[in-house]
Amino acid sequence: MNPGKFITLEGVDGAGKSTHLGFVADWLRRQGREVVVTREPGGTPLGETLRELLLHREMDADTELLLMFAARQEHLAGLILPALARGAWVVSDRFTDASYAYQCGGRGIPADRIATLEAWVQRGFVPDLTLLFDVPPDVAETRRAAARTADRFEREASGFFSRVRNAYLDRARAEPGRIRVLDARLSIADLQAGIGELLQELE
Ligand code: TYD
């Protein structure tokens, strides 16, 4: 049995990535794949409890980073790695690129701290493909304002989201093969056509 592949979706809050998660999963299922859809922080019972704390409790920035990686350890050990080993494809709404974007770009934690935790928890494991949904900060802000009640991250000022976006784009420039940038201002149909082409390349 070939191991499955790991696909992650990223973008600032309001980029619209969650809309495309189901499309990615359905596309892969049509190819006959077993697909596991999950999210970070979260994806396991303990991870979902940590998510509640992360999204709603005030905390120190390093505590936030450590809890993100505690949830990620649990997610890898309890869900992602076993699923990939049995041949399933795993699609995750966010993963470690979000820690570089939000905790480093947004909060200003030095990147080497994140790299240390990444090496500890992932031991070289990285996604096979990351779809980065990119939108200008004002568009994302309008979309956030139209959405449901804001969590702790979504209440941040617009400068925070500009830094998050730039950190994501820097990562995409550094790893252009893995991280593919999509213009999230396009229509859903155009975006999904582009996503389909990228998934085809992975098959
Ligand atoms: P999000 O994925 O936007 O979920 P929803 O669509 O339900 O709002 O929410 C998760 C939040 O967690 C998001 O604001 C980004 C943040 N986050 C980090 O700051 N660092 C991380 O490593 C991860 C995985 C998420």
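The model is predicted. Its ligand sits in the largest pocket, and 18 residues surround that ligand. The protein buries 92% of the 550 Å² that the ligand exposes when taken alone.

**Residues around the ligand**

- The closest of the 18 surrounding residues are D13, R72, R94, S99 and Q103.
- By residue type, the shell around the ligand divides into 10 charged, 5 nonpolar and 3 polar residues.
- The element that gives the most is α4, with 4 residues.

**Polar side-chain distances to the ligand**

- For S99, a polar side-chain atom lies 2.6 Å from an oxygen atom of the ligand.
- For Q103, an N or O atom of the side chain is 2.8 Å from a nitrogen atom of the ligand.
- For K17, an N or O atom of the side chain is 3.3 Å from an oxygen atom of the ligand.
- Each of these distances falls within the 3.5 Å cut-off for a polar contact between N or O atoms.

**Aromatic pairs**

- The count of aromatic pairs comes to 7, with ring centres required to lie within 6.5 Å.
- One of the pairs is formed by Y102 and F153, whose ring centres are 5.9 Å apart.
- The planes of the Y102 and F153 rings stand at 85°, so this pair is edge-to-face; the cut-off for that class is over 60 degrees.
- Y102 belongs to helix α4, while F153 is in the loop between α6 (137–146) and α7 (158–174).
- The pair therefore ties together parts that are 51 residues apart in sequence.
- Helix α4, which holds Y102, is also the element that gives the most residues to the ligand shell.

**Backbone features in loops**

- E40 and P41 are joined by a cis peptide bond, with omega at about -15°.
- P41 lies in the loop between β2 (35–39) and α2 (45–56).
- R94 is not a glycine, yet its phi is positive, at about 80°.
- R94 lies in the loop between β3 (89–93) and α4.
- R94 is also listed among the closest residues to the ligand.

Note on methods
Residues are numbered from 1 along each chain as its sequence is written. This is a predicted model: local features need pLDDT of at least 70, side-chain atom pairs count only at pLDDT 80 or more; totals for chains, interfaces and linings use all residues. Side-chain values use heavy atoms; hydrogens and water are left out. A residue is near a molecule or strand if one of its heavy atoms lies within 4 Å of it. A polar contact is a pair of N or O atoms within 3.5 Å; within protein, one must be able to donate a hydrogen and the other to accept it, and residues adjacent in sequence count only if both atoms are side-chain atoms. Accessible areas come from the Shrake-Rupley method with a 1.4 Å probe; for residues, only the protein chains shown count as cover. On a 1 Å grid over the protein atoms alone, a cavity is a set of points where a 1.4 Å probe fits but cannot get out, and a pocket is an open set with protein on both sides within 12 Å along at least five of seven lines; lining residues have an atom within 4 Å of a point. A molecule sits in a cavity or pocket if more than half of its atoms lie within 2 Å of its grid points. Helices (H or I, at least four residues) and strands (E, at least two) are DSSP runs, numbered from the N terminus. Ala, Val, Leu, Ile, Met, Phe, Trp, Tyr, Cys and Pro count as nonpolar, Asp, Glu, Lys and Arg as charged, and the others, Gly among them, as polar. Rings of Phe, Tyr and Trp (its six-membered ring) pair if their centres lie within 6.5 Å; planes under 30 degrees apart count as stacked, over 60 as edge-to-face and the rest as tilted.
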